[in-house]
Amino acid sequence: MRAALIALALTLLASPARAQQPGDVANDLPAAVAEEQISVSSDYRGSYITVFGLNPDRRGRGDIVVVLRGPNEAATVMRKRRVFGLWINGDPVRFSQAPEFFAVLSNRPLRQIANADSIWRYQLDPAASAQLASAVPAGGDPSAYRAALVRLRREQGLYQWYSGRARENERGGLTLYQGGLFRAVVRLPANAPIAQYHADTYLFRDGRLISSQRIPVTVSRVGFERTIHDLATNVSWFYGIVTVLLALLAGWGASVLFRRS
Amino acid sequence: MIYLPIAEMPVNVLLVLLVSGCVGFVSGLVGVGGGFIMTPALIFLGVPAPVAVATGASQIAATSFSGIMTQTRRKSVDWRMGLLLSIGGVIGSVGGVALFERLLRIGQLDLIISLLYLVLLAGVGVLMLRESYHVWRGRTAKSVSILRRPLRTVAHSLPFRLRFPRSGLYVSVVPPLALGFGIGALAAIMGVGGGFILVPAMIYLLRMPTNVVIGTSLFQVLIVTSLIVILQSAATQTVDLVLAALLMLGGVVGAQIGARLGAGMKSEHIRGMLGALLVGAAAKFLFDLVITPAETYVLGGGLG
């Protein structure tokens, strides 16, 4: 029995994640993002994303889950091996896609709102979106690699879990107000990728998904940061030459100053 | 705080200026390029190793150019030798950047950088400590051995010999090319200028007169690091212009203060302190590689 359960869990872990948006559920949950456009300028130190919404149920029955998803990109997880007394990176495992940012907010612990199957199906957990793309090396455990990916990104602040309202001296959290209004605040750290995000809101009742909504959130460079980055990616040769010229100018300036004094 | 567009992280402007100023100060004090202190310092600050290496090269280019301006006025650059070393260096750095990109892709770049720095910092640090210890004990320093350098080396017996009027040499072109190649490859992977290897090699292997050694090595370092900045920009896009500007500013100012203060201090003390610092940094690199890590998994492959 236990073996069968473990086998089932492993199949679930290995099976490709299903469609992000449930087709059989209405996409009519009233919700909005306070700032749909986040600008990264030279004083950028991360930001907060606020999602507002309304539970259509007059009596406020049901549970709210808000997920902020970053782009899905390929990722590699390696395990350190000891070679001649030194720890080196080895045994790489590739994920064809894994969310680069993932924050889940719920008004109470997620496991009380939805069962494991629903969490997996609607990808309410970052591990559900991570797809293995290469064979795990001999002696390796695929779920250990997946868990390591989640753990490492969590330590970097890229994967976040919030349950209930914000704690003291913290702004992130999900708060329910009277009349069915809810507000979710996510801390977007400075190391989060600069890309297109999606804020997804879900209404669950008795463990079943009632309705959901998806809102795009764009994080993009502006002004000077944008100019530099565009130069570096689009005209990289020119960018390199400009950097060298700047270096020569700095060196020349230093030499002139040095001679005068 | 300022957000670095390529490193994609905010850094404290004052901290970066302070660190680059300190490195510039030390390099002005001791007379070394400082690349081999700057790059590890940036890595310790949290700058990704690829960005630290590629951006550090631009700061070395700035420092070496200001050095060349001074050396040219003293007519102490052997252009012909410098050109040969640079040709080797250009080939070496092209190979080095390609290797850098390859290592970055397979996720082993950090390890190779750590290992190379471990060997390099420990080696240079121990040499400096030993030298300052000998001076402290009252013995005559290694400067004697420069006068006693061998009259003929392998450079004088190999084919393809060429005359170098400014250095007063008639040596094979093979050793300078090979030397330039090695330094170029090292510079591309580690973000160092390589002057601290180039200078002794030019004195002992090529038998160049000491008065043209510094200027000529600076010329090679300038050519190679400039090329590396351009190649890294094109190949890996890891050159951060904002960080580079901060490093140049801090490094240049620090070097001037260092050079002025250095005149009034005992050099064996300075070298002894720097040697201890380098050995300490090497020990940190070794420690990180040897101790059993708390987290055995790592996210790898910056470029996927």
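Q: In chain B, what share of the contacts between residues at least 6 apart in sequence join residues at least 24 apart?
A: That share is 80%. Two residues are in contact if their C-beta atoms, placed from the backbone, lie within 7 Å.

Q: Before we go on, what kind of model is this, and how is it numbered?
A: It is a predicted model, where local features need pLDDT of at least 70 and side-chain atom pairs count only at pLDDT 80 or more, while totals for chains, interfaces and linings use all residues. Residues are numbered from 1 along each chain as its sequence is written, and chains are lettered from A and ligands numbered from 1 in the order in which they are written.

Q: Thanks! How many helices and strands does chain B have?
A: Chain B has 12 helices and five strands. Helices (H or I, at least four residues) and strands (E, at least two) are DSSP runs, numbered from the N terminus.

Q: And how much of chain B is buried?
A: Of its 304 residues, 52% count as buried. A residue is buried if 20 or more other C-beta atoms lie within 10 Å of its own, exposed if 12 or fewer, and partly exposed in between, with C-beta atoms placed from the backbone.

Q: What about chain A, then? How many helices and strands are there?
A: Chain A has seven helices and 13 strands. Buried residues make up 33% of its 261 residues. For contacts in chain A with a separation of 6 or more, 68% come from residues 24 or more positions apart.

Q: New topic: sheets! What is the order of the four strands in the open sheet of chain A?
A: The order is β1-β3-β11-β10, and the pairing is antiparallel. Two strands pair if DSSP finds at least two bridges between them. The edge strands of this sheet are β1 and β10 of chain A, each pairing on one side only.

Q: How many bridges join β1 to β3 in chain A?
A: Three bridges join β1 (residues 31-33) to β3 (residues 47-54), and A:A31 stands opposite A:G53 there. On to β11 (residues 181-188), which pairs with β3(A) over eight bridges in the antiparallel sense. In β11(A), A:R187 is the bridge partner of A:Y48, and A:F182 is the partner of A:G53.

Q: What about the open sheet of six strands? What is its order?
A: It runs β2-β13-β12-β4-β7-β9 in chain A, with mixed pairing. Its edge strands are β2 (37-40) and β9 (159-163). Inside this sheet, β4 (residues 63-69) and β12 (residues 196-205) of chain A pair in the antiparallel sense over seven bridges, with A:D63 opposite A:F204.

Q: I clicked on A:L176. Which strand is it in?
A: A:L176 is in β10 (residues 173-176) of chain A.

Q: Why does A:L176 count as partly exposed?
A: Because it has 17 other C-beta atoms within 10 Å. Not counting residues up to four places away in sequence, A:L176 touches A:I64, A:N107 and A:F182. A:N107 is 69 residues apart from A:L176 along the chain, yet their C-alpha atoms are separated by 7.2 Å.

Q: Last one, a helix. Which residues of α5(A) are buried?
A: They are A:Y145, A:R146, A:A148, A:L149 and A:R153. These residues cover an arc of only 160 degrees around the axis, so they are on the same side of α5(A); the arc is that of the directions from the helix axis to the C-beta atoms.

Q: And what follows α5(A)?
A: A:G157 does, and its phi is positive, near 80 degrees.
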